[in-house]
Amino acid sequence: MAKTAAEPTEPEGAKEQRLLTGAEILIEALKREGVDVLFGYPGGAVLNVYDALYDAGIAHVLTRHEQGAIHAAEGYARISGRPGVVIATSGPGATNLMTGLTDAMLDSLPLVVITGQVGTNVMGSDAFQEAPIFSMSMPVTKYNYQVRHPREIARVVREAFHIATTGRPGPVLIDLPKDVTIQQAPYVEAEALDLPGYQPTVVPNALQLGKLSTAIARAVKPVILAGAGVLHARASELLVAFAERTGIPVVHTLLGLGAMPATHPLFLGMGGMHGTVVANRALYECDLLINIGARFDDRLTGNPKHFAPKAVVAHIDIDPAEIGKIVHTHIPIVGDAKAALERLLAMPIDPPKADAWRAYLKRVAEAHPFWYVKTGDLKPQRVVELIDEMTEGRAIVTTDVGQHQMWAAQYYRFRRPHRWVTSGGLGTMGFGFPAAIGAKIAAREETVIAVVGDAGFQMTMQELALLKEYDLGVKIIILNNFALGMVRQWQELFYAKRYSESLLPFQPDYVKLAEAYGIAGYAVSTEDALTRLLEKHLFDDAPVLIDCRVSPGENVLPMIPPGKGLHEIVGTQPPEGAADVVYRFGSSGIAGQEVSAP
Amino acid sequence: MKQLLSLLVRDQAGVLNRISGLFLRRGYNIDSITVGCSERPGLSRMTIVLDVEDKKAAEQVKKQLHKQIDVLKVIDLTERSVVARELALIRVNASMAERAEIDHIIQPFRARILDVGRSSVTIEVTGGSEKIDALIELLRPYGIKELARTGLTAFARELDVGQEAEMKDIIGTA
Ligand SMILES: Cc1ncc(C[n+]2csc(CCOP(=O)(O)OP(=O)(O)O)c2C)c(N)n1
Ligand SMILES: [Mg+2]
């Protein structure tokens with residue numbers, strides 16, 4: 001086998017074409033893809049690229065760490081639906097991207113990541129700042145390239161954008177040796193894409209859709225599980241229309257939130273480990289489960305043995321490898337969620353006779369709301385509620401990973417799609433704040449709120465420098481419980497309260513920290529103070545940091561303990577004799593609303 | 001269970017890494033893997049023998065392979081009639097006196113002696129893996145000094161007919 005990729009042959013007339021350096025070809029190719037912003041950090045191996053960028057007219061956001069750059073690109077991609085583009089230098093610059101690549105891979109986010117590499121003449125010799133990024137990134141990218149000649153660059157960039165954004169989206173990395181960026185070549189227009197091994201099935205099989213419609217007509221306890229695939233396909237409206245047409249209630253995965261408005265009377269809320277009782281009950285008891293663009297993550301299914309045990313399972317997914325991977329599937333449908341929903345809506349499907357089921361689920365939802373106990377201090381759940389109330393569920397909310405993330409998912413009632421940015425599959429602490437920066441760059445007119453934990457924020461808080469510099473009015477809400485809260489919760493519940501390394505008594509003074517970075521900072525510990533601050537700061541376009549000192553020791557409930565089934569959910573009721581209990585339906589729209597037949 | 005797969009892959013830098021890395025990451029055990037040119041320029045053929053848990057795992061393997069951008073075709077030969085061959089080189093201890101005996105043993109296997117040394121002979125044998133296993137067992141008493149096996153390479157008889165059914169399987173719309 002050949003060691004290197006085949007070099008393209010020069011087209012006729014190439015000789016007369018103007019010669020460009022590899023770096024210039026790269027910039028030109030990015031422009032032709034419509035790229036208008038890059039997230040990156042320079043260094044030796046990409047100096048030629050940065051030189052070409054100097055007067056190229058593409059915006060560049062200089063984060064303070066490469067991890068910040070790639071998470072910002074993820075936030076940008078999630079909100080804009082367009083690929084986030086990242087540049088980093090070889091060696092440490094590139095290795096700093098590994099977490100973000102893996103995060104984007106697991107959450108199917110389109111990224112094109114360009115890493116510098118040492119010159120081809122010294123590659124393999126442990127040269128200064130050489131790291132084997134091509135092989136390191138192979139398992140955590142959808143595809144990756146190492147370019148050996150400037151003539152390949154235009155084609156590789158074209159392919160990279162195509163692969164990143166089509167089928168199941170994902171990150172694509174291009175490793176670019178330094179000499180390739182300075183060598184000259186004509187700009188070789190990328191011809192028609194030549195990717196015979198990559199032909200995602202978009203249009204679903206009509207026969208399979210027919211089977212699904214028959215199953216729907218027969219079902220009496222149907223439920224739709226809608227994941228991020230619906231959002232990637234930009235099919236939220238179709239999802240709602242399909243649910244309304246058939247009267248089938250909808251459960252969202254963590255990453256699917258927003259596709260159906262949280263207040264919709266057919267919405268049951270989020271399913272899974274910290275989902276609503278009614279969502280999990282529906283997943284457990286249904287006789288037909290229609291999964292649209294979710295991958296049956298273990299945080300959603302709990303013990304898969306007890307997942308939808310009585311159901312006929314239909315699964316619509318653009319990625320055939322997800323079908324049947326975790327849950328046995330009776331009706332596999334490979335295709336894009338939008339294409340599938342369009343066709344389903346065009347079919348004469350008899351709505352299932354599910355009146356009794358909907359009425360039952362409504363009763364379950366009403367009987368099992370979220371709850372928390374007032375303790376005199378600021379409740380983290382209440383912080384999210386306040387933000388939800390004030391923004392009417394219309395802001396862009398990003399989170400980090402931990403308890404605050406789950407509270408945001410439970411209590412923020414998303415009324416619109418593409419407003420929710422969180423690290424689902426990898427659960428990457430440090431994601432939330434830089435992701436908010438990327439989200440704000442993608443949607444400057446929108447209110448962008450980063451709900452973060454005290455521990456996770458400290459992993460990437462160096463990016464505070466960007467708010468002032470790039471005039472980004474991100475609102476940072478720290479749910480400060482002086483703990484690695486989620487770890488503390490598991491230690492309380494499963495490790496006999498042995499709080500091993502999960503308490504964070506020492507914290508920086510976030511107010512001073514904000515001031516040091518030239519932005520307004522506050523610390524609050526009462527609802528009144530917080531309300532006043534939010535009223536003042538939530539709706540202008542200036543950055544603000546609010547350190548919310550919330551009840552320490554609060555737990556996220558309800559919970560399906562690890563390894564347990566959906567029916568083994570605990571913490572659905574407040575403890576006996578708890579005095580001041582607050583009950584909330586959170587994001588289960590079915591509760592308290594009229595649910596009528598379609 | 002054993003799974004026998006034939007892959008057509010783009011002859012790109014790193015393609016072997018991609019495939020073996022996928023098996024490692026997803027916890028599939030490789031019995032053997034062979035790579036070489038195929039009938040089409042720019043494409044290589046890989047023959048892979050895997051040890052998988054069950055049918056469901058075997059299905060997953062195929063889907064994961066098919067998802068690889070450098071993989072053009074995944075053909076499952078497990079339950080197909082195939083032509084499959086492996087080559088082994090076996091160096092066994094052999095005194096002058098034992099050589100005739102060894103010659104006799106290898107005859108029915110259509111193996112042959114490639115090289116003769118002072119105290120050993122090197123035997124070449126081609127065939128299905130079980131045949132090679134059998135020969136090795138027969139030669140073991142003489143003392144095997146060195147052994148090298150290529151792993152199985154294979155394809156289906158009447159490739160085209162079966163393949164169509166196979167592709168449907170892979171994209172799950174059959
Ligand atoms: C990079 C990384 N390291 C460790 C973990 C494990 N982990 C999950 S949640 C959590 C605690 C997070 O604490 P904080 O950010 O304060 O959020 P809280 O749970 O308190 O809301 C930890 C350590 C992780 N998810 N990511
Ligand atoms: Mg915390």
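In what order do the elements of chain B run from the N terminus on? They go β-α-β-β-α-β-β-α-β-β-α-β-β-α. That makes 5 helices and 9 strands for chain B. Helices here are DSSP runs of H or I with at least four residues, strands are E runs of at least two, and both are numbered from the N terminus.

A word on the model before I go on. It is a predicted model, where local features need pLDDT of at least 70, side-chain atom pairs count only at pLDDT 80 or more, and totals for chains, interfaces and linings use all residues. Residues are numbered from 1 along each chain as its sequence is written, chains are lettered from A and ligands numbered from 1 in the order in which they are written, and side-chain values use heavy atoms, with hydrogens and water left out.

Back to chain B. Along the principal axes, its C-alpha atoms fill a box of roughly 65 × 30 × 30 Å. The domain assignment, from an automatic or database source, gives domain 1 (2-76) and domain 2 (84-154) of chain B. Their C-alpha centres lie 29 Å apart. In contact, meaning heavy atoms within 4.5 Å, are 6 residues of domain 1 and 5 residues of domain 2. The buried area between these two domains of chain B is about 420 Å², and carbon and sulfur atoms give 60% of it. Buried area is the accessible area, with a 1.4 Å probe, that two parts lose on being put together, summed over both. On the domain 1 side, L4(B), T34(B) and T47(B) lose the most area, together 67% of what that side buries.

Now chain A. It is divided into domain 1 (19-186), domain 2 (206-367) and domain 3 (370-557). Take domains 2 and 3 of chain A. Their C-alpha centres are 30 Å apart. Each of the two gives 19 residues to the contact. About 1500 Å² is buried between them, with 70% from carbon and sulfur atoms. Which residues of domain 2 of chain A lose the most area to domain 3? They are L254(A), L257(A) and H274(A), together 38% of what that side buries.

Next, ligand 1. There are 17 residues around it, and Q403(A), G427(A), D454(A), G456(A) and G485(A) come nearest. Near means that a heavy atom of the residue lies within 4 Å. By class, the shell has 8 nonpolar, 8 polar and 1 charged residues. Ala, Val, Leu, Ile, Met, Phe, Trp, Tyr, Cys and Pro count as nonpolar, Asp, Glu, Lys and Arg as charged, and the others, Gly among them, as polar.

Which helices supply at least two shell residues each? In chain A, they are α17 (403-411), α19 (454-460) and α21 (485-494). The largest share, 4 residues, comes from α19(A).

A backbone N or O atom of G456(A) lies 2.7 Å away from one. For A483(A), a backbone N or O atom is at 2.9 Å. With N481(A), a side-chain N or O atom is at 2.9 Å. Taken alone, ligand 1 exposes 580 Å², and the protein buries 76% of that. Those areas come from the Shrake-Rupley method with a 1.4 Å probe.

Last, two backbone details in chain A. The peptide bond from L557(A) to P558(A) is cis, with omega near -5°. P558(A) sits in the loop between β21 (544-549) and β22 (581-584). E392(A) is not a glycine, yet its phi is positive, about 50°. E392(A) lies in the loop between α16 (380-391) and β16 (396-399).

Notes: A polar contact is a pair of N or O atoms within 3.5 Å; within protein, one must be able to donate a hydrogen and the other to accept it, and residues adjacent in sequence count only if both atoms are side-chain atoms.
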